[in-house]
Amino acid sequence: MIDAKGIGVRAGEHWLFDDLDFSVDPGECAAIVGPNGVGKSTLMRCFYGMQKPQRGRVLVNGKAPDERDVEFRRAVSVLFDDSDFFAELTPLQHLELLSGSFGADLGEHEDLLRDAGLGERMRVTAGHFSAGQRRRLLLLGVTARPHRVLLLDEPERALDVAGKDWLVELIARSTAAGAAVVVATHHPPLLEAADSVLELW
Amino acid sequence: MRIPGRKRFGGIFSGDTAGFVFLFGFGFLFTAFFHVDAWRPAVYGSSRVDFPAVLGLLTLCCAVGWRGLLRRGFVWVEPAELTWLDFAPADRGRVVALRLLGAWTGVVAVTGYLASLLLAVGGAGLDQWRAAVAVVAATGVVAFATARRTSLRLDALGPLVLAVLGLAIAAFGLGPVTVQVVAAGVLVAALPMAFGGEPVARAGRAVLLAGWDGRVLRSVAVTFLDPMMLLPPSAPIGRLSLRRPTPLRLAWAGTLGRSRYAGAAVLVGFAVVVAHIAVPTVPGAVLIGIGAYVALTPFGGGLGELWRNPGRRRWLGSGNRELVLAHGLVLAGAGLLWAALLAVVTLAAGTSFAVTAWFAVPLSVLSILRTVTRGAIDYANPAFVDTPMGPMPANLVRQLFRGLDLLAFGLVLLSVIT
């Protein structure tokens, strides 16, 4: 599902990483770990086609990643630093956006929101949410929509203990549904749940 | 208290670029008063100057200025000042009050300048001058009385009523004495409008910081030549369903969420009609086109946000074409409503536009769609070109005027045809 061969990315004169091979099959979860600034987010951007590596080639879902391509975006779901929500819409309306525009049956929206810990807030506009609630909404959004590949960049940020447990469950559900999951993280339980771990340094 | 290192008077007297721009602008604006005979045919043509229409236009300009002041963009204090200056002699309330005074002076100066220019170029008599002074002064008083306190529910109606009065002055050809009576009425209305709410100078930290955020956004938008940053966000739209057809419903929700700009759109419509009567040299297509662009651009904000914000865009599985089509359809509907309003106001004012001038409305809708679907600005290659005014970053300007280029081209074409 994700197949990278010999990829290298340079930041100025310095190679963040080079000659890197990485692959994730359907139904698998790979974790990327490493200190700040080592290139975890850069690697994720390469998988989403937001950044082109200077060396090597990447295939995601069988083709070169290009987030400008709507078909690619429909297959690959991401939670990045630039992920956002509609502050003026409620969580229920966000799920309606997903089901309506992806043409998918997500199941009972209210059940999904209760599972995400947003049951009490499902009719409150997202602009009024706390940081943790916003994170839960974003995580629900990227996992509830149809996807074959899931890319999560430090998804545990701003989540409380219960939220982090829920995150592990979400990833397990995605892999069980056959998705290839890549998660850049500093959260140890996610490493335990991962099928493989790539350490950058 | 002055913070060390900060420039006084916005840096105007520092001898730097700001000073040059101020002096150049001041000189340019006042040169017109020494060439009124040359300006007369350009503004009013060869026909007799319709002074009631000029006074009506001036009243509308005052209404626009009043509405601008009611946005209370002057209510801000820098976070650093809120953090460090609690023990300084300059209270934050005084800072906001001074800013209110500055903003109000700006509005009065601009409307006063417009009044002076229009009347001087038209060769107005003493009565017209008295009427214009009365309108500017009365609006100044009512604008100050309402902007100095927190917003009330019916505040937005004030400028609209003043705009209707401006339209009536132009449409019925009311004389300068009647205009002075209208101004006196506005002055009387200022009295009850001054009460209620709380003085904005007593605004709390949250309001001051929100104002500061807005100011930072505005200055960044200007500094980086990116006015699309100023597209207004949507207000919550209640429980409106976004189920299929989702793109169309989202576009509708975005328009409803920006309905607070409907009043401004009406104001612009009035201004277009009155300007058509007062300044006959400007082609009708140009007035309608610019008016429609200004009135409808806020309603293109929903599509603009999707284009500018990839994080939001990812919530939608729809293709770009489908999104543009859906938003274009809703924007065209808004354009149709605005055109209908314009037609009614035009008829009420006893004037008319050429049939071809109305094509400026769909042209503006297309221009807005082109404007808001501009990608992120590429600063890498500004491509400076030498001009008599100095070097111009041609590539940045090309990106800045995306959408406006189509509008300008179309309006020139429509004006020629008309």
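Let's start at helix α18 of chain B, residues 404–417. Helices here are DSSP runs of H or I with at least four residues, strands are E runs of at least two, and both are numbered from the N terminus. α18(B) has 14 residues and reaches 20 Å from its first C-alpha to its last. That is close to the 20 Å expected at 1.5 Å a residue. The expected span is 1.5 Å times one less than the number of residues.

Before I go on: this is a predicted model, where local features need pLDDT of at least 70 and side-chain atom pairs count only at pLDDT 80 or more, while totals for chains, interfaces and linings use all residues. Residues are numbered from 1 along each chain as its sequence is written, and chains are lettered from A and ligands numbered from 1 in the order in which they are written.

Back to α18(B). Which of its residues are buried? They are Leu407(B), Leu411(B) and Leu414(B). Buried means that 20 or more other C-beta atoms lie within 10 Å of the residue's own; exposed means 12 or fewer, partly exposed is in between, and the C-beta atoms are placed from the backbone. The arc is that of the directions from the helix axis to the C-beta atoms.

What covers them? The cover includes α12 (284–296) and α16 (360–372) of chain B. Contact, throughout this talk, means that the C-beta atoms of two residues, placed from the backbone, lie within 7 Å. The face of α18(B) turned away from the buried side carries Phe409(B), Val416(B) and Ile417(B), and these are exposed.

Now compare a helix in chain A. α6(A) runs over residues 161–176. It has 16 residues and reaches 23 Å, close to the 22 Å expected. Its buried residues are Leu167(A), Leu170(A), Ile171(A), Ser174(A) and Thr175(A). They cover an arc of only 130° around the axis, so they are on the same side of α6(A). They pack against β3 (29–33), α5 (131–144), β6 (149–153), β7 (180–184) and α7 (188–193) of chain A. On the other side, Val161(A), Ala162(A), Asp165(A) and Ala176(A) are exposed. After α6(A) comes Gly178(A), with a positive phi near 100°.

Next, chain B as a whole. It has 18 helices and two strands. Its C-alpha atoms fill a box of roughly 65 × 65 × 50 Å, taken along the principal axes. A compact globule of 418 residues would have a radius of gyration near 22 Å, and chain B has 23 Å, which agrees. That radius is taken over C-alpha atoms, and the globule rule is 2.2 Å times the number of residues to the power 0.38. Buried residues make up 38% of the 418 residues. Take contacts between residues at least 6 apart in sequence: 82% join residues at least 24 apart.

Chain B is divided into domain 1 (45–224) and domain 2 (239–418). These bounds come from an automatic or database domain assignment. The C-alpha centres of the two domains lie 26 Å apart. How many residues of each domain are in contact with the other? 20 residues of domain 1 meet 18 residues of domain 2. On the domain 1 side, α3 (51–70) and α7 (157–171) of chain B each supply at least two residues. The largest share, eight residues, comes from α3(B). That side divides into 14 nonpolar, four polar and two charged residues. Nonpolar covers Ala, Val, Leu, Ile, Met, Phe, Trp, Tyr, Cys and Pro; charged covers Asp, Glu, Lys and Arg; the others, Gly among them, are polar.

On to the contact between the chains. It takes 23 residues from chain B and 19 residues from chain A. On the chain B side, α10 (246–256) and α14 (310–313) give two or more residues. That side divides into 10 nonpolar, nine polar and four charged residues.

Last, some backbone details. The peptide bond from Arg244(B) to Pro245(B) is cis, with omega near 0°. Pro245(B) is found in the loop between α9 (205–223) and α10 of chain B. Arg72(B) has a positive phi near 55° and is not a glycine. Is Arg72(B) buried or exposed? Buried, with 23 other C-beta atoms within 10 Å.
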